[in-house]
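Hi everyone, thanks for making time this morning.

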Amino acid sequence: MMNELVIFLILAVLLQTRIMDLRRSVYCLAFQSGLLACACLIVGLVHGGVHLVPALLTLLIKVVFIPGAILRLIGKLTDEREIVSDINVNYSTLAAAFFLVVGYVLIDGIGAAPASRDVIAASIFMILTGLSLMVMRKRAIMQMCGLITMENGIYLLGLFVTEGLPLIVELGVFLDVLIAVVVLVILTSRMSLSFMTTDTTVMKKLKG
Amino acid sequence: MMESMFSIQELLDFVLLLPLAFSLLAASGFFKGGILHWADRLTATLVALAVWQVVVLFPVDSAIHDGFIYLDALSLWMLLILSLLYVAFSWTSKAYLERDTNIRYGYLRRFSHLEGRFYALSHLFVWTMMLVVLVDNMGLMWVAIEATTLISALLVAFKFTRTSLEAAWKYVMVCTVGICLALLGTILLYDAQLQALGSELALDFAHLAEHGKDLPEGLAKIAFAFLFVGYGTKIGLAPMHAWLPDAHSEAPALTSGLLSGALCICALYVLLRAVIILLPAVGVDFMQSLFLFFGLFTIALAVPFVVVQRDIKRMLAYSSMENFGLMAAGFGLFLPLAAKAALLHMLNHALIKYALFYLAGTIMETYATKNMMRIHGMISQAPRTAFFFLLAIVGILGMPPMGIFFSKFYLLQGFFMGGSPALGVLALALLAGMLIGILYHALRMVGGKPHRKAAGELLGRLDTAVVALLLTVSGVCGALLPELGKFDQLLSEAARIVMKGVA
């Protein structure tokens, strides 16, 4: 069960690096978060009780609210066309493949329990790929997707290393992710008003 | 005294509830016109009085652990700094907001309905910082630090100009990545706790600090590295500092003062808590090299940027980086003297830097430009602003009348006492470079012949008094420290807590 989930997660993240359309990228993100919610649910069912709360919150916040808010924002943008740069996309896919290898090398170096080896490697892969998406993508919304991917990776790691953080901390983390997306959506919509685009490369006035 | 009928717990609840209540009311538009400003002042002053009362009542060598709230000398020291800046903020905000009429940089006057929102966000920002220093648990601290980033990002972008949007975007992106690494570090720390101590009192730092020796060494080292990089980003240590000059220079002047004076040292406080926990397992050498290297690297990187700087608030931002670098290096010496000096430096730097950012905002309004190259002859066009600006600059550079002289002096003494005189000489040389750069710009602005029309003297009576008071308090705290009884005890005890693992 867990193995299939991990395979699908890696697939979803690799797909994320290929997508250039804003809407599809958000759908892909929702799919990835949905898989994370399933993983959460499995861990929750094993341990029972309060462990089900994070699964429910992941579903509500990361699968419903965040993609919904971003999609609403995309509806308001005036320039939906993606700036096509194939090279960039190919590079980030290659980088993602490399990160998968890095994940396994790291995990074998540390020497984790074989049961959770794949999951932890996948989460390292997600963190690094999310980071590379934030650096390599130009559009504000794509960078947001990268950020959520990275957050999901850290969450997955926490889920399998320590069975999640204490509940009160976990609730706080969810609250922060929620506020972060609200703040980023506000900034992006103002950006599209001021600059007539959400391409972050136009913002290069502040230097030195 | 009147308030001594309350216990410390009640006072802390009060401190944590009042700003929140005010910001909710202000955001909902409950206060109209002048009442808003008075409610703002009343809130901050009451909170500061309550904190002062806590300082009076609190037995310095004890610790209060009540629910999720934890208070010892170190957190009380931070709370004291926060409350002083909070009062300074509330008594200067009206003058700042009403003066903000300039077409290029002003915004609020033309949209006076936004004042309520500005107050709401600012008080919420201070409230989250108070939460950082009062919670008992590394996980909740992480949550509070991330909340400060998000709320202050809205304040940085408050004017929604192109440059402020750019600064806010960079700020959120860089700091969130950094803070995510700190979350990774927190998870690893929790894993170390689970392996060594079990899940009881999860991530509670008092509990962890007591059993620091039992944590597995390898895991503790990785966790500390992640925590250092993560919170180091938020402090503004060198390779991860990209957000700091942008955010500090583009935010409204009041917010810049709070960012520089309070927020970055809150992140440093969290890092210190991690140091206290992990020191026995990780060992002094590893931490010392991290702190000293990145601290001095930060100073070294800030110096050239100050010398070639044209934007007045960016210059101040780089000066903040220099001071954070010095504090980090000071804690990295792991000497009681240096730790005490670094804690005192936090207070002095906060007070003087808030005054400086406020004055820089005033100068920007007076001359309708941020470019220091276009400002000359302030002493004849705006004498009072020029006088206090020069005084504060002299203060931040660490010259005798101001408190920073004493804290910097003790810090450097720490370098020479700690068996690393070479590093002390290096730090001195870097500080001298900083001094030349900043003094060159400041003297050019203050002296010379005026070339440009100015709006005249904009500094009013009330804000002059606040700025003068900030400078005086810093001077008194530095110079008369041994005579200040309780205050000195509090500081020594805070330094002892930081150095717990060494002795």
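Let's begin with a pair of helices: in chain B, helix 11 passes helix 12 in a left-handed crossing. Left-handed here says that the near helix is turned anticlockwise from the far one by less than a right angle, with clockwise being right-handed. Helices are DSSP runs of H or I with at least four residues, strands are runs of E with at least two, and both are numbered from the N terminus.

Before going on, a word on what you are looking at. This is a predicted model, in which local features need pLDDT of at least 70 and side-chain atom pairs count only at pLDDT 80 or more, while totals for chains, interfaces and linings use all residues. Residues are numbered from 1 along each chain as its sequence is written, and chains are lettered from A and ligands numbered from 1 in the order in which they are written.

Back to our pair. Helix 11 of chain B covers residues 284-307 and helix 12 of chain B covers 312-332; their axes come within 7 Å and cross at roughly 160°. Axes are lines fitted to C-alpha atoms, for helices over the stretch in contact, and angles run from 0 to 180 degrees between N-to-C directions. Helix 11 and helix 12 of chain B are therefore roughly antiparallel. For that word the angle has to be over 145 degrees; under 35 counts as roughly parallel, 65 to 115 as roughly perpendicular, and the rest as oblique.

Who meets whom? From helix 11 of chain B, the residues in contact include Phe291(B), Leu292(B) and Ile299(B), and from helix 12 of chain B they include Tyr318(B), Glu322(B) and Phe324(B). Contact means that the C-beta atoms of two residues, placed from the backbone, lie within 7 Å. The residues where helix 11 of chain B touches helix 12 of chain B split into 16 nonpolar, 6 polar and 1 charged. Nonpolar covers Ala, Val, Leu, Ile, Met, Phe, Trp, Tyr, Cys and Pro; charged covers Asp, Glu, Lys and Arg; the others, Gly among them, are polar.

One residue of helix 11 of chain B deserves a stop: Val284(B). Is Val284(B) buried or partly exposed? It has 14 other C-beta atoms within 10 Å, so Val284(B) is partly exposed. The cut-offs are 20 or more such atoms for buried, 12 or fewer for exposed, and partly exposed in between, with C-beta atoms placed from the backbone. Setting aside neighbours within four places in sequence, Val284(B) is in contact with Leu279(B), Phe334(B) and Val502(B).

A second pair in chain B is helix 5, residues 138-156, with helix 10, residues 253-282: their axes come within 11 Å and cross at roughly 165°. Helix 5 and helix 10 of chain B are therefore also roughly antiparallel, and their crossing is left-handed. Among the residues making this contact are Met141(B) and Ile145(B) of helix 5 of chain B, and Leu259(B) and Arg273(B) of helix 10 of chain B. By class, it has 10 nonpolar, 3 polar and 1 charged residues.

Now a loop, the one between helix 6 (162-196) and helix 7 (205-210) of chain B, where we find Leu201(B). Leu203(B) sits in the loop between helix 6 and helix 7 of chain B too. Neither is a glycine, yet phi is positive, about 50° for Leu201(B) and about 60° for Leu203(B). Leu201(B) counts as partly exposed, with 17 C-beta neighbours inside 10 Å, whereas Leu203(B) is buried, with 24.

Stepping back, chain B has 19 helices and 2 strands. Its radius of gyration, taken over C-alpha atoms, is 22 Å, close to the 23 Å that the globule rule gives for 503 residues, so chain B is as compact as a globular protein of that length. That rule is 2.2 Å times the number of residues to the power 0.38. Buried residues make up 62% of chain B.

Chain A has 7 helices and 0 strands, and 42% of its 208 residues count as buried.

Finally, where do the chains meet? The contact takes 32 residues from chain A and 32 from chain B. On the side of chain A, helix 7 gives the most, with 14 residues. That side divides into 21 nonpolar, 7 polar and 4 charged residues.
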